[in-house]
Amino acid sequence: MNRPLRHIAIFCGLLMLALLIRTNWLQFAQSEELANHEHNRRVKITQFATPRGDIIVNGKAITGSKEVEGTDFKYQRTFKQGKMYAPVTGYASQAQGMSLLEKTYDSILSGQDERFAFRHAKDILTGEPRRAGDVITTIDAKAQEAGYKGLTDLGARGAVVALEPSTGKVLALVSTPSYDPSVFAGNSFKEGDKFQALVDDKSKPLANRPLRETFPPGSTFKILTAAAALEHGVITDVNAPTDAVSPYPLPQSTTKISSEAGDATCNKASMKTAMQYSCNNVFLDAALKVGDEKMRETAEKFGFNEDVYSDAFGDMLATKSLYPEKLDKPGTALTGMGQGSLTSTPMQMAMVTAALANDGKLMQPHIVEELRGPDVSTLEKHDPKEMSQAVSPETAKKVQEMMEFTAKEGSAQRALIDGVTVGGKTGTAQRGNDVSKEVPYGWFVSYGKASDGRSVAVAVFIDPTAMDISRSDISGGRLGAPIAKSVMQAVLGK
């Protein structure tokens, strides 16, 4: 063999060897990854080959399946009260994929979980179709409806989160405006156009505001500032006058910050009075005296700067709420009133409220109570998990005292419920640099405790951009408190 032919033969041999190595690599090393890849059509065909299991609220399915013809996908997902429950279920679309609970627990809902292997083997022998499992949620149907109705009646973009303080159960998870996952559950061009229209909609109906969007929490953060000041000894008596003047001179600045209640009311007010009237000066001064490191340390014990939902929430992982590092003195002071570079999800503020109502103990939020197999047997059951003792019980009780006084005598009176101990805090958060042009956000956080020991913590967030409302009427107490009240009543049966 002459030299050129020998080179060609060696080159061809190397190509064959590379093909053999690649084939074996795909077959053995990457087979599982490729078999389960979301863009593998066989995976999607399997996912929709049989009726999906259901997502359950209060013992009733809020999802279903219907048989379809003319496609490789035999069954299509359906949703009951889709818009109300979309932030919980997510979507299961033959063309667009899956999200939220539908994605996190797809192996259960599609019947492909390895724990079903014995059952499926039996079904094959008996000729029965493959059966799927169900996901049992912690959602309270009445609380979810109360939160959704409250926001939609306002015509507001917003979010509502309700938690059971003692366990971390998510009782309501609402986002408006919302979408119906049923309208694009198939794979036709028409349904694809409907999904794209939702993507392009400026009101962002596909957004999960309770978990995925962050905002300045405004004056609702003052409950955490109060907890930090008490925990670190800056405030020892909530009824004693402070030396915080109003208007408050922001350090290293010529800016002076006043409060809507007026300087006469807020000047050197006690922390209890400051909570009652939402006096900015007392909380600016408290945060400055606590200092950025201890303020951030306290915030982190309540869940800031952490992926606190990763284990329990899967695809429902929340965006981090941020208390920034290395703040200067003006920046630290501003966080005391929930402004500056501080950001929070509605879920995070519900967690802060729940922990304070639970005597300082923060429980891991969870939205799934139980996973069940095709035979209705329990595969997994959630056990409540403590995340941290965010502050001492003594500190938490003092903050409760102030929040309950604010509900009885201050800006949170619209949340009061007969026969229920209610604590609350309003919030209005400025956005953008030009305060005169940008409408503020409205916030409200509260908890309710019934005489039988049941309790609930609620966070309401309102973006009034799309509302026909004057700037002077935008406040957490006016807009958010009635919604929080209705959610608490739904949970507590009042």
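Guide: Start with strand 1 (residues 55-57) and strand 7 (residues 134-137), which run parallel and are joined by two bridges. Strands are DSSP runs of E, at least two residues long, numbered from the N terminus. Two strands pair if DSSP finds at least two bridges between them. Across this pair, Ile 56 stands opposite Ile 136 of strand 7.

Visitor: What should I know about the model and its numbering?

Guide: This is a predicted model: local features need pLDDT of at least 70, side-chain atom pairs need 80 or more, and totals for chains, interfaces and linings use all residues. Residues are numbered from 1 along each chain as its sequence is written, and side-chain values use heavy atoms, without hydrogens and water.

Visitor: In what order do the strands of the mixed sheet lie?

Guide: Read across the open sheet: 2-1-7-13-14, five strands with mixed pairing. Strand 2 (60-61) and strand 14 (378-381) are the edges, each pairing on one side only.

Visitor: And which order does the antiparallel sheet have?

Guide: That open sheet has five strands, in the order 9-8-18-17-16. Its edge strands are strand 9 (170-176) and strand 16 (421-429), and each pairs on one side only. Neighbouring strands here are turned by 10° against each other on average, direction ignored. Look at strand 8 (residues 157-163): six bridges pair it with strand 9 in the antiparallel sense. Leu 163 has Val 170 of strand 9 as its bridge partner.

Visitor: How do helix 11 and helix 18 cross?

Guide: Two packed helices are described by the angle and the distance between their axes. Helices are DSSP runs of H or I, at least four residues long. Axes are lines fitted to C-alpha atoms, with angles from 0 to 180 degrees between N-to-C directions. The axes of helix 11 (residues 222-231) and helix 18 come within 10 Å and cross at roughly 45°.
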